[in-house]
Amino acid sequence: MALYTRCPACKSEIAFEPPKNIANLPEDYKHRITCPSCGVTIGVRLNIIERQPVGETPLALQPIENTSSMSAQYDSSQPDTVPARSLDKPAKKKGTGRNIMMMLFALLFIALGAISYLVANGTLSIGEKTYGLDSYSAIAGWETLIKDFDAFKAIFEFDTVYGIMGIMPMISFTLAGVTFIVALISACGKKYGRAFNLIWSLLVFAVGVMVVFAPMIQVNIKSSLSGALVELPTYTLSSYFKDIFDSQSYCIFAPAALGFLQFLFSLFFLKSLKMKPSKRV
C-alpha cells in the first residue's frame with residue numbers, strides 16, 4: 001500500500017512505497033525519500049504519515065511558500081541531497097555597444113574617403129583651399145586599379161616604396177571597411193572580440209600615421225631618383241610639417257587621429273564583459 005506525505009519545501013504531495021519491514025522499525029526511524037517536484041531529500045517518520053490521496057492539482061503549478069517554518073521537519077542527521085546549482089559560465093554583457101562604437105569609427109573613415117574623392121574630382125566644392133582633403137584619395141586609387149590597371153602598375157614600376165606609399169589611403173579605407181563588416185557581424189552575434197579589435201585598431205592607427213608621412217616620402221624618393229639632370233626639392237621633417245600648416249592641409253591628419261581614437265577605445269574595451277554578481281545587503 002502506497003503511503004503519502006507532503007514536501008515541506010514545495011508543498012507537493014508525495015506518494016511512496018514503505019519499507020517491507022516497517023513493523024520492525026523503531027519509532028524514531030525516518031524514511032528518506034526524494035521529492036519528484038523539487039528534488040529535495042527529506043526524512044519522514046512512518047507513524048505520522050498522512051494517508052491522504054494526492055490532489056488533482058498539478059504539482060509543478062503549486063506555489064512555493066516560505067519554508068523557514070518547516071526546517072524543523074528535515075532530518076538533521078544527514079544533509080539533504082539537493083542538486084547543487086552552479087553556473088558553468090558567468091553571465092556576460094552582449095557587447096553590442098562596443099561593436100556599434102567600432103562601426104561608427106569605420107563609417108567616419110568611409111565618409112572621409114567619400115568626401116575626399118568628391119573634392120578631388122571637383123564634384124564637391126569647399127572653396128579655394130581643400131585643407132588636405134584631396135590627399136586621402138582612397139576611392140580614386142581603387143577606381144584607377146579597376147579602370148586602368150596599367151597606370152596603377154606604373155606607380156610600382158617607378159619605385160616599389162613610392163607605390164606602397166601611394167596606396168596607403170587605399171589600405172586605410174579598406175581596413176575601415178573590414179572593421180565595419182566585422183563589427184556588424186559581431187553585433188548581430190552579440191559578441192565583441194577584444195583581442196581582435198585591439199590589434200586591428202593598432203594596425204588602422206599605424207596605417208593612418210603612414211598616410212600622414214606618405215607625401216613626404218614620395219617627394220624624397222622622386223628627388224633621389226631624378227639624378228643630376230633635374231634637381232627636385234626634398235623634405236625634412238620640420239619643413240614638411242611647416243608646409244602642411246602653411247597650406248592649411250590639416251585634414252591629412254584625420255586618418256591618424258581617427259585611428260588613434262579607435263585604438264584608444266579598443267584599450268578601454270579590454271575591460272571584461274563578465275557581469276559582477278549583485279551584492280546582497
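With which residue does Glu143 form a salt bridge? In this predicted model, the partner is Lys147, with the closest N and O atoms 3.2 Å apart. A salt bridge here is a side-chain nitrogen of Lys or Arg within 4 Å of a carboxyl oxygen of Asp or Glu. Side chains of opposite charge can pair when their charged atoms come close. Local features need pLDDT of at least 70 and side-chain atom pairs count only at pLDDT 80 or more, while totals for chains, interfaces and linings use all residues. Residues are numbered from 1 along each chain as its sequence is written, and side-chain values use heavy atoms, with hydrogens and water left out.

A search of the whole structure finds three salt bridges. Glu143 and Lys147 sit four residues apart, about one turn, in helix H2 (residues 138-147); helices are DSSP runs of H or I with at least four residues, numbered from the N terminus. Glu143 is partly exposed at 29% relative accessibility, whereas Lys147 is exposed at 69%. Buried means under 20% relative accessible area, exposed over 50%, and partly exposed in between (1.4 Å probe, protein chains only).

Helix H7 (residues 237-246) holds Lys242 and Asp246, again four residues and about one helical turn apart. Their side chains meet in a salt bridge at 2.9 Å, N to O. Lys242 is exposed, with a relative accessible area of 54%, and Asp246 is likewise exposed, at 51%.

Turning to Arg6, its side chain meets that of Glu13 in a salt bridge at 2.8 Å, N to O. Arg6 is partly exposed at 36% relative accessibility, whereas Glu13 is buried, with a relative accessible area of 13%.

Terms used
Helix = DSSP H or I, 4+ residues; strand = E, 2+ residues; numbered from the N terminus.
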